[in-house]
Amino acid sequence: IPQSHVLDVLAADDARSLLFFDVEKARTRLLLLPQIKDVSVRKAFPNTLIFEYTERRAYALWQRDGRFAVIDAMGRVIDKNAAPFAEALADAPVFVGKGANEGAYDLNAALDAFPVVQPKIGAAVRVSRRRWTLHTRDAVRIELPEGDPMPALETLASLQSRYDILSR
């Protein structure tokens, strides 16, 4: 988190003295920053303000309307500018489409159950907020059914284990 963002939020308090600085109000405002997962703010008299925070971890990229944003594992947007995260997220999945960020966690949890499939997936496209089309890193397209994708992923994992179909 850029220090300037935090200082701007903390400076928004009208208190001229640490005695009158409202730490709960500052905490509430800091939690509005998309990068902050949790924060504590406390006074250390006579003249110090201490804040400790936990950042949301960049998990994946979300593409919508041709623009990339960085999302956490729960699908919340951390940063609308993906450029600073490009190198760190080079191997991360890309979720594409309206609502793809909201379903990213559930889809990834489903894919985690199939370690022979998950590393092959490069992108997941949300189709009408109902189903997913997966794209492998080798340009194979997998259209998952609407509803529960687990049976289809089980079949895919079985075929991958037996025949390595995702590498063809």
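T48 touches L18, R42 and K43, leaving aside residues up to four places away in sequence. In this predicted model, T48 has its place in strand β2. The C-alpha atoms of T48 and L18 are separated by 7.7 Å, although the two residues lie 30 residues apart along the chain. T48 is partly exposed, because its relative accessible area of 34% falls between the limits of under 20% for buried and over 50% for exposed.

**A nonpolar patch at the surface**

L19, F20 and F45 make a nonpolar surface patch of about 380 Å². One of these residues, F20, lies in the loop between α1 (3-11) and α2 (23-31). With a relative accessibility of 62%, F20 counts as exposed.

| Helix | Buried residues | Cover includes |
|---|---|---|
| α1 (3-11) | V6, V9 and L10 | α2 and β2 (48-55) |
| α2 (23-31) | A26, R29 and L30 | α1 and β1 (36-44) |

In α1, the buried residues are V6, V9 and L10. Seen down the axis of α1, they fall within an arc of 95°, and therefore line one face of the helix. On the other side of α1, D8 and A11 are exposed. The buried residues of α2 are A26, R29 and L30. Viewed down the axis of α2, these residues fall within an arc of 100°, so they too line one face of their helix. An α-helix has 3.6 residues a turn, so residues three or four places apart point the same way. The cover over the buried residues of α1 includes α2, and that over the buried residues of α2 includes α1.

**Nonpolar cores**

Which residues touch the most other members of the largest nonpolar core? Of its 22 residues, these are F95, L107, V117, W132, L134, I142 and L153. Two or more residues of this core are given by each of β3 (60-64), α3 (100-112), β7 (121-127), β8 (131-136) and α4 (150-163). The largest share, 5 residues, comes from α3. L107 touches F95, A124, W132, L134 and L144, not counting residues up to four places away in sequence. V9 is one of the buried residues of α1, and A26 is one of the buried residues of α2.

Methods
Residues are numbered from 1 along each chain as its sequence is written. This is a predicted model: local features need pLDDT of at least 70, side-chain atom pairs count only at pLDDT 80 or more; totals for chains, interfaces and linings use all residues. Side-chain values use heavy atoms; hydrogens and water are left out. Patches are made of residues with over 30% relative accessible area and no salt bridge: like charges are joined within 9 Å, nonpolar side chains (Val, Leu, Ile, Met, Phe, Trp, Tyr) within 5 Å. Accessible areas come from the Shrake-Rupley method with a 1.4 Å probe; for residues, only the protein chains shown count as cover. A salt bridge is a side-chain nitrogen of Lys or Arg within 4 Å of a carboxyl oxygen of Asp or Glu. Helices (H or I, at least four residues) and strands (E, at least two) are DSSP runs, numbered from the N terminus. Buried means under 20% relative accessible area, exposed over 50%, partly exposed in between (1.4 Å probe, protein chains only). The arc is that of the directions from the helix axis to the C-beta atoms. Contact means heavy atoms within 4.5 Å. A nonpolar core is a set of buried Ala, Val, Leu, Ile, Met, Phe, Trp, Tyr and Cys residues joined through side-chain atoms within 4.5 Å.
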